[in-house]
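Let's take a friendly walk through a protein chain together. Have a look at the picture first, and then read on.

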Amino acid sequence: MEQLQHLLDEIIDENLKNITISGPRHADGVSKIKIRPVVLKGQVKFQSTRYVGAQVLHANDDAKALAEKILEWMAKDFRQLQARTGTMDVTVLVSKKGKVTIKKSASKMSDSSQESAAPVDPFALVASHNREKRYILKEGCPVDFLVDLGVMTRDGTVVRSRYDKFRQINRFLEFIEDILPALDKGRTVHIIDFGCGKSYLTFAMYYYLKVLNGYDIEITGLDLKKDVIRRCNTLAQRYGYDRLRFLHGDIASYEGCESVDMVVTLHACDTATDEALYKAVLWNAKVILSVPCCQHELNRQISCDALAPVLQYGLLKERMAALVTDGMRAQLLKSAGYKTQVLEFIDMEHTPKNILIRGIKEPKAAPFALSPQYISCKELLHVTPRLETLLLDHFGLKGYGEEG
């Protein structure tokens with residue numbers, strides 16, 4: 001295997017495009033391994049994807065650790081390796097007796113294009129191996145839950161009719177990436193996903209935090225649909241996601257924990273979003289990610305003489321009430337000690353409900369109080385959001401800020 005060791009030392013660097021290991025010696029083990037470079041936390045790593053029956057397992061290693069793994073795989077488990085770099089294609093064959101044969105050929109890039117190519121930054125080179133759009137989960141790199149949920153085929157191709165879901169999942173993971181500094185990697189991080197549904201994003205969150213970034217996490221998904229909960233638990237067990245569980249239950253009545261680090265609520269209808277945000281404040285959650293849906297409450301309340309010419313149109317009134325609801329929710333979270341942002345989110349169902357409210361707990365927050373601007377807004381529009389009522393009751397301020 002000394003020949004192979006020298007080869008791996010030569011090709012495992014930023015110029016590597018991919019490696020495929022195939023020809024398994026055992027019928028009941030790993031059937032194939034694919035390897036590609038990725039950038040994680042500003043460093044080039046090498047992601048290996050192992051296929052074991054219906055399971056797809058991932059690992060990220062530096063060059064030395066990967067070379068050691070490949071030597072062991074080729075010595076014990078596989079007969080063939082194919083690699084492509086920026087300059088050459090390589091085929092490695094290992095006989096039953098352990099004889100190693102290595103064949104090299106120039107890559108398909110023409111000599112003239114090689115000569116004219118300018119030096120490339122290694123991180124830009126790794127990025128160029130991926131799609132032009134930067135995705136955290138890459139097309140061509142199969143992920144077990146995306147395959148089972150019908151977003152990807154087994155070779156990592158994104159199903160055309162599911163591409164919007166693929167984009168949405170990656171967009172959501174970008175929000176998760178942004179809040180990583182708020183999560184403590186030195187202890188278990190507890191996360192609740194209220195109204196998890198089919199859990200595309202719950203599985204993605206677990207995969208990104210636990211598998212790709214090594215966080216010690218526990219995630220609980222909560223939903224009212226028992227059949228969905230059963231299926232999600234089955235999938236979690238299949239993937240070996242032992243710190244991910246799904247429970248049947250209602251957001252308002254959930255009492256399953258005393259503290260939570262991050263609360264996620266995606267498309268919880270109407271005041272269910274308020275209940276989830278309220279729970280997050282009670283738990284003093286460090287991070288809140290909420291994509292609201294179906295904001296009916298303020299649509300029934302909103303009234304303003306100055307805006308009567310606009311509010312007489314039902315469609316405009318509905319949209320305005322939805323925007324006001326989310327704006328007031330963000331302000332209430334700010335009053336509860338959160339740095340809040342209202343961001344655009346790509347919705348998988350092509351509806352206007354594509355706003356995400358993100359809250360990050362401030363280290364030193366003032367006592368809860370409604371701001372004068374918030375009170376002026378609620379008095380102008382004659383509205384009282386459910387979240388306001390819940391928070392005022394909790395902080396013993398019932399009636400505070402109400403119109404005289």
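## Contacts along the chain

Two residues are in contact when they have heavy atoms within 4.5 Å of each other. This model is predicted, and contacts in it can be sorted by how far apart the partners sit in the sequence. Take the contacts in the protein chain between residues at least 6 apart in sequence: 66% of them join residues at least 24 apart.

## The whole chain

The protein chain has 404 residues, and 46% of them are buried.

Strands of a sheet pair through backbone hydrogen bonds, in a parallel or an antiparallel way. Here you can find an open sheet of seven strands with antiparallel pairing, in the order β4-β3-β2-β1-β5-β6-β7. Which strands are at the edges? They are β4 (55–61) and β7 (100–106), and each of them pairs on one side only. On average, neighbouring strands of this sheet are turned by 20° against each other, direction ignored.

Now zoom in on one pair. Strand β1 (residues 16–24) joins strand β2 (residues 32–40) over three bridges, in the antiparallel sense. Within this pairing, I19 stands opposite I35 in β2.

## Helices across the sheet

Helix α1 (residues 2–11) lies across β1, β5 (78–85), β6 (88–94) and β7. Its direction makes an angle of about 30° with β7.

Helix α7 (residues 200–212) lies across β2, β3 (43–52) and β4, and runs at about 45° to β4.

Terms used: Residues numbered from 1 in each chain as written. Predicted model: local features only at pLDDT ≥ 70, side-chain atom pairs only at ≥ 80, totals over all residues. Heavy atoms only, no water. Pairing = 2+ DSSP bridges. Helix = DSSP H or I, 4+ residues; strand = E, 2+ residues; numbered from the N terminus. Axes fitted to C-alpha atoms, helices over the stretch in contact; angles between N-to-C directions. Buried < 20%, exposed > 50% of the residue type's maximum accessible area, 1.4 Å probe, protein only.
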